[in-house]
Amino acid sequence: FTVSVVTGGGTSSFAGPISQRTSEDAPSPPLNVTVYNISSTSVRVAWQPPLTPNGIIRGYQVNYLVSGGPIETVDTNAMSVLLPNLTSYTNYIIFMRARTIALGNNSTFVMVMTNEDVPSSPKNFSLSPFAGSPTQLSASWSVPIPRNGII
């Protein structure tokens with residue numbers, strides 16, 4: 001900045017220049033948060049930097065949870081992150097925040113379902129004679145838990 005003084009007699013010479021930087025503040029949320037299924041137990045989260053960084057972006061906090069469950073957090077300096085060891089065929093809510101000297105606001109929430117996987121074995125499998133027939137059997141079982149997909 002420079003400054004001068006004006007009177008009826010004229011304008012003074014300019015003082016300065018001087019510069020001053022404002023303090024950093026929390027950034028706006030990361031943009032375009034996108035989630036890609038990698039396998040039945042992992043997804044990749046990618047994003048763009050905040051529109052208003054309000055300072056030097058020092059990293060990102062990626063948060064994910066199953067509805068009603070605890071929030072898991074991964075800190076990174078990259079522009080994408082792999083979330084491994086997830087549960088197959090499960091809905092996850094993912095959101096994130098950018099960090100300068102302070103954490104910014106949450107991004108939009110993204111919901112993703114992990115891919116299907118091989119189901120576990122059927123439970124309580126049994127065979128019994130079919131009533132009134134010497135050549136037929138009746139088979140019964142319980143649905144496997146976890147299902148790991150649509151059965």
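## Basis of the description

Contact means heavy atoms within 4.5 Å. This is a predicted model, in which local features need pLDDT of at least 70 and side-chain atom pairs count only at pLDDT 80 or more, whereas totals for chains, interfaces and linings use all residues. Residues are numbered from 1 along each chain as its sequence is written, and side-chain values use heavy atoms, with hydrogens and water left out.

Helices (H or I, at least four residues) and strands (E, at least two) are DSSP runs, numbered from the N terminus. Residues are called buried under 20% relative accessible area, exposed over 50%, and partly exposed in between (1.4 Å probe, protein chains only).

S107 belongs to the loop between strand 8 (91-99) and strand 9 (110-113). Leaving aside neighbours within four places in sequence, S107 is in contact with P29, P30, V33, F95 and M96. With a relative accessible area of 6%, S107 is buried. M111, by contrast, is located in strand 9 and is exposed, at a relative accessible area of 57%. Not counting residues up to four places away in sequence, M111 touches N91, Y92 and I93. The C-alpha atoms of M111 and I93 lie 4.6 Å apart in space, although the two residues are 18 residues apart in sequence.

A15 is placed in the loop between strand 2 (10-11) and strand 3 (31-39). Its relative accessibility of 42% makes A15 partly exposed. Beyond residues up to four places away in sequence, A15 touches F1, T2 and V3. Between the C-alpha atoms of A15 and P129 there is a separation of 104 Å, and these residues are 114 residues apart along the chain.

Two strands count as paired if DSSP finds at least two bridges between them. Strands of a sheet pair through backbone hydrogen bonds, either parallel or antiparallel. In this model, three strands form an open sheet in the order 3-4-7, with antiparallel pairing. Strand 3 and strand 7 (80-83) are the edge strands, each pairing on one side only. On average, and with direction ignored, neighbouring strands of this sheet are turned by 20° against each other; the axes behind such angles are lines fitted to C-alpha atoms, for helices over the stretch in contact, and angles run from 0 to 180 degrees between N-to-C directions.

Strand 4 and strand 7 run antiparallel and are joined by four bridges. R44 has L82 in strand 7 as its bridge partner.

## Salt bridges

Side chains of opposite charge can pair when their charged atoms come close. A salt bridge is taken here as a side-chain nitrogen of Lys or Arg within 4 Å of a carboxyl oxygen of Asp or Glu. The structure holds two salt bridges. In one of them, the side chains of R58 and E24 meet at 2.9 Å, N to O. This pair links distant parts of the chain, 34 residues apart: R58 lies in the loop between strand 4 (42-48) and strand 5 (59-65), and E24 in the loop between strand 2 and strand 3. R58 is partly exposed at 40% relative accessibility, and E24 is partly exposed at 23%.

R99 forms a salt bridge with D75, with the closest N and O atoms 3.3 Å apart. R99 lies in strand 8 and D75 in strand 6 (residues 72-76), so the pair ties together parts that are 24 residues apart in sequence. R99 is partly exposed, at 24% relative accessibility, while D75 is exposed, with a relative accessible area of 52%.

Five bridges connect strand 10 with strand 11, and the two strands run antiparallel. P129 has L137 in strand 11 as its bridge partner. Strand 10 is hardly covered, since the count of buried residues among its seven residues is zero. F125, which lies in strand 10, is exposed, with a relative accessible area of 58%.

F125, L127, L137 and W141 make a nonpolar surface patch of about 520 Å². The elements that give two or more residues to this nonpolar patch are strand 10 (123-129) and strand 11 (137-142). Patches are made of residues with over 30% relative accessible area and no salt bridge, where like charges are joined within 9 Å and nonpolar side chains (Val, Leu, Ile, Met, Phe, Trp, Tyr) within 5 Å. The accessible areas come from the Shrake-Rupley method with a 1.4 Å probe, and for residues only the protein chains shown count as cover.
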